[in-house]
Amino acid sequence: HVLRLKGYQIYDQLIMEEALFRGTKTNWLIMNEGTTEPTVVMGLSGKPDHLLHCDSVRHDGIKVIKRYSGGGTVVVDHDTLFVSIIGDGEFMKEYGVRLYPREIMGWTESFYKKVFSPSSSSPSSPSSSTSDDFALRENDYVFGAKKFGGNAQCITRDRWVHHTSFLFDYNPENMHNYLKLPTQAPSYRLSRPHIDFLCRLKDR
């Protein structure tokens, strides 16, 4: 099943996703082009005091929601592309993938390489990879050393969801004003501030 949305509130999307994840046995691909207002989305175990500039968030009336999965913290808005894949274990068996976080993450890398680096995924194409190519680094989708997609997962015994926030564009002020530098960051970040760590999909 494929569901395409535009401007659907991320809070409502996450509620719908969790219902499909926990209440159905079918496979879903959900794509949503943006949410109507800037919103901070945190992982289930995220602590606002550790991750957010709470005074600025409160002053500007920014909504903060926790998704039902893990993952990091991001400011999303009308320029964020949301893609969620919901499936069952039988579907992944076709690809030799077990329901473990790293195995699912690796499968999604091969899936998205067909989108972002189609020539490199073709067996008939010569190898021409560069340092600026699409890749999965730790839990992030990157071009080179810059992140443009953040991932989160939820896995049960026979069901899984992998959802991604792609930064088609983003407002650097929102990232700077509302998000602290996380204490637990991927090693490749090298303590870079948001503006030096992130890139925009629209620039590709």
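Reader: How many Å does helix 5 reach from its first C-alpha to its last?

Author: The model is a predicted one. Helix 5 covers residues 101-116, which is 16 residues. At 1.5 Å a residue the expected span is 22 Å, and the helix comes close to that, reaching 22 Å.

Reader: Which elements do the buried residues of helix 5 pack against?

Author: The buried residues of helix 5 are Ile104, Met105, Trp107, Thr108, Glu109 and Tyr112. An α-helix has 3.6 residues a turn, so residues three or four places apart point the same way. The buried residues of helix 5 pack against helix 4 (89-93), strand 6 (80-88), strand 7 (134-137), strand 8 (140-143), strand 9 (146-155) and strand 10 (159-167).

Reader: What is the nearest side chain of opposite charge to glutamate 17, and how many Å away is it?

Author: Glutamate 17 belongs to helix 1 (residues 10-23). With neighbours within four places in sequence left aside, its contacts are Ile30, Tyr68, Ser84, Ile86, Val161 and His163. Glutamate 17 is buried and has no salt bridge. A salt bridge needs the charged atoms within 4 Å, whereas the nearest side chain of opposite charge is that of arginine 67, at 8.5 Å.

Reader: What is the radius of gyration of the chain?

Author: The chain holds seven helices and ten strands. For 204 residues the globule rule gives 17 Å, and the chain is close to this, so it is as compact as a globular protein of that length; its radius of gyration is 17 Å.

Reader: What percentage of the residues in the chain is buried?

Author: The chain exposes about 11100 Å², of which carbon and sulfur atoms supply 53%. Of its 204 residues, the buried share is 42%.

Note on methods
Residues are numbered from 1 along each chain as its sequence is written. This is a predicted model: local features need pLDDT of at least 70, side-chain atom pairs count only at pLDDT 80 or more; totals for chains, interfaces and linings use all residues. Side-chain values use heavy atoms; hydrogens and water are left out. Helices (H or I, at least four residues) and strands (E, at least two) are DSSP runs, numbered from the N terminus. The expected span of a helix is 1.5 Å times one less than its number of residues. Buried means under 20% relative accessible area, exposed over 50%, partly exposed in between (1.4 Å probe, protein chains only). Contact means heavy atoms within 4.5 Å. Lys and Arg count as positive and Asp and Glu as negative; His and the chain ends are not counted. The radius of gyration is taken over C-alpha atoms; the globule rule is 2.2 Å times the number of residues to the power 0.38. Accessible areas come from the Shrake-Rupley method with a 1.4 Å probe; for residues, only the protein chains shown count as cover.
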